[in-house]
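Thanks for coming. I will go through a few residues, one group at a time. Please have a look at the structure first.

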Amino acid sequence: MGGAGHFLDACFLCRKPLAGNRDIFMYRGDTAFCSDECRSAQMAADEAAERKAVTHHGALPAARREGPQAQQEQRGKVRAGSILAL
């Protein structure tokens, strides 16, 4: 089977090998990083790309487009993949 190795073989950002008894920093479930710094850099890049996409496409969340009633309906809903802290 050639191709890419297992996602825990190397840091997603800097490609440093992930081995030994060192910590592995995870992001979005299946993206591994060698350090908090690499993970934070990827998170910042993803957030910037998402902001750019929203700005470029002019998309606003449904609650903003539809007014106060839509905002009330959205309140209390949980997105898939989010963590709910009580």
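Let me start at the surface, where F7, I24 and M26 make up a nonpolar patch with about 240 Å² of accessible area together. Patches here take residues with over 30% relative accessible area and no salt bridge, joining like charges within 9 Å and nonpolar side chains (Val, Leu, Ile, Met, Phe, Trp, Tyr) within 5 Å. A salt bridge means a side-chain nitrogen of Lys or Arg within 4 Å of a carboxyl oxygen of Asp or Glu. Areas come from the Shrake-Rupley method with a 1.4 Å probe, and for residues only the protein chains shown count as cover.

A word on the source: this is a predicted model, where local features need pLDDT of at least 70 and side-chain atom pairs count only at pLDDT 80 or more, while totals for chains, interfaces and linings use all residues. Residues are numbered from 1 along each chain as its sequence is written, and side-chain values use heavy atoms, without hydrogens and water.

M26 sits in strand β1, residues 25–27; strands (E, at least two residues) are DSSP runs, numbered from the N terminus. With a relative accessible area of 31%, M26 is partly exposed, a class between buried (under 20%) and exposed (over 50%).

Next, the backbone. R15, in the segment before β1, has a positive phi of about 65° although it is not a glycine. R28, in the loop between β1 and β2 (31–33), is not a glycine either and has a positive phi of about 55°. R15 is exposed at 54%, and R28 is exposed at 53%.

Last, L13: what does it contact beyond its neighbours within four places in sequence? The partners are F33, C38, A41 and Q42, with contact meaning heavy atoms within 4.5 Å.

Definitions and conventions:
Helix = DSSP H or I, 4+ residues; strand = E, 2+ residues; numbered from the N terminus. Buried < 20%, exposed > 50% of the residue type's maximum accessible area, 1.4 Å probe, protein only.
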